[in-house]
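User: Hi! I have a protein model open and I'd like to learn how to read it. Could you walk me through it?

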Amino acid sequence: VYITTRNAFELTKHELKNVAAYLQSGGLIVADNDNPRAEYGPGEASLRDMFKKALGREARFLPLPNDHPIYHVFFDFSGGPPPGGDAGSGIAQIRSHWLEGIYLGDRLAVVYSDKGYGAFWERETENEPQLKFGVNLVVFALTQKGSIAQQQIDFYGQATR
């Protein structure tokens, strides 16, 4: 699941339970601050708050180190995530040099980006690194041990034996 916003929002209790159930069952959410120039702006605050309310104490945002598989699963980003920023203005985001994650056990359940990648993905040019990283996000979500996709592959693989 990919979520992006620049505005404040609040989920209902039912929606928060659904977010928690999805993540706890093997789902991965990529949350992308759509306005990275606004340091700790309303979008970022709402995204972080959503995970804290849904997961409680388990919602610990940790930097994803440059050797994390998400940077190498398909395309190699040995220097960490590609740059982000405000694609419309050309202003590069330098506040955060890394992505953050929330782990449930050993499995990465949330990727938090303060880079505004969604704006780059909408562009027609000058976005190749961001598009390639988007591919990494999808491949990682589908291949991570314990993911919903891997659970389905395991289930159907056992059913055909």
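User: What should I know before we start?

Analyst: This is a predicted model, so local features need pLDDT of at least 70 and side-chain atom pairs count only at pLDDT 80 or more, while totals for chains, interfaces and linings use all residues. Residues are numbered from 1 along each chain as its sequence is written, and side-chain values use heavy atoms, with hydrogens and water left out.

User: Okay, how many helices and strands are there?

Analyst: The chain has five helices and seven strands. Here helices (H or I, at least four residues) and strands (E, at least two) are DSSP runs, numbered from the N terminus. Reading from the N terminus, the order is β-α-β-α-β-β-β-β-β-α-α-α.

User: Which strands are in the open sheet, and in what order?

Analyst: It is an open sheet of five strands in the order 1-2-7-6-3, with mixed pairing. Strand 1 and strand 3 (62-63) are at the edges with a single partner strand each, so one side of each has no neighbour in the sheet. Two strands count as paired if DSSP finds at least two bridges between them.

User: Who pairs with whom?

Analyst: Strand 1 (residues 2-5) runs parallel to strand 2 (residues 29-33), and four bridges join them. Ile3 stands opposite Ala31, and Thr5 has Asn33 as its bridge partner. Strand 2 is also joined by four bridges to strand 7 (residues 107-113), again parallel, with Ile29 opposite Val110.

User: How does the chain get from strand 1 to strand 2?

Analyst: Through helix 1 (residues 13-24): strand 1, helix 1 and strand 2 make a right-handed β-α-β unit. Right-handed means that, with the strands pointing away from the viewer, the path from the first strand over the helix to the second runs clockwise.

User: Is strand 2 buried or exposed?

Analyst: Five of the five residues of strand 2 are buried, so the strand is largely enclosed by the rest of the structure. Buried means under 20% relative accessible area, exposed over 50%, and partly exposed in between (1.4 Å probe, protein chains only). In a regular strand the side chains alternate between the two faces of the sheet. In strand 2 both faces are covered, with Ile29, Ala31 and Asn33 on one side and Val30 and Asp32 on the other. Across the chain, buried residues make up 42% of the 161 residues.

User: New topic: what about spaces inside?

Analyst: On a 1 Å grid over the protein atoms alone, a cavity is a set of points where a 1.4 Å probe fits but cannot get out; a pocket is an open set with protein on both sides within 12 Å along at least five of seven lines, and lining residues have an atom within 4 Å of a point. Grid points are joined across faces, edges and corners, and a volume is the space filled by probe spheres set on the points. There is one cavity of 30 Å³ or more, and the largest cavity holds about 40 Å³. Helix 2 (residues 42-55) gives the largest share of its lining, four residues.

User: And the largest pocket?

Analyst: The largest pocket holds about 190 Å³. It is lined by 16 residues, with Val1, Leu28, Val30, Leu137 and Ala141 nearest its centre. Helix 4 (128-143) and helix 5 (148-159) each supply at least two lining residues, and helix 4 gives the most, with five.
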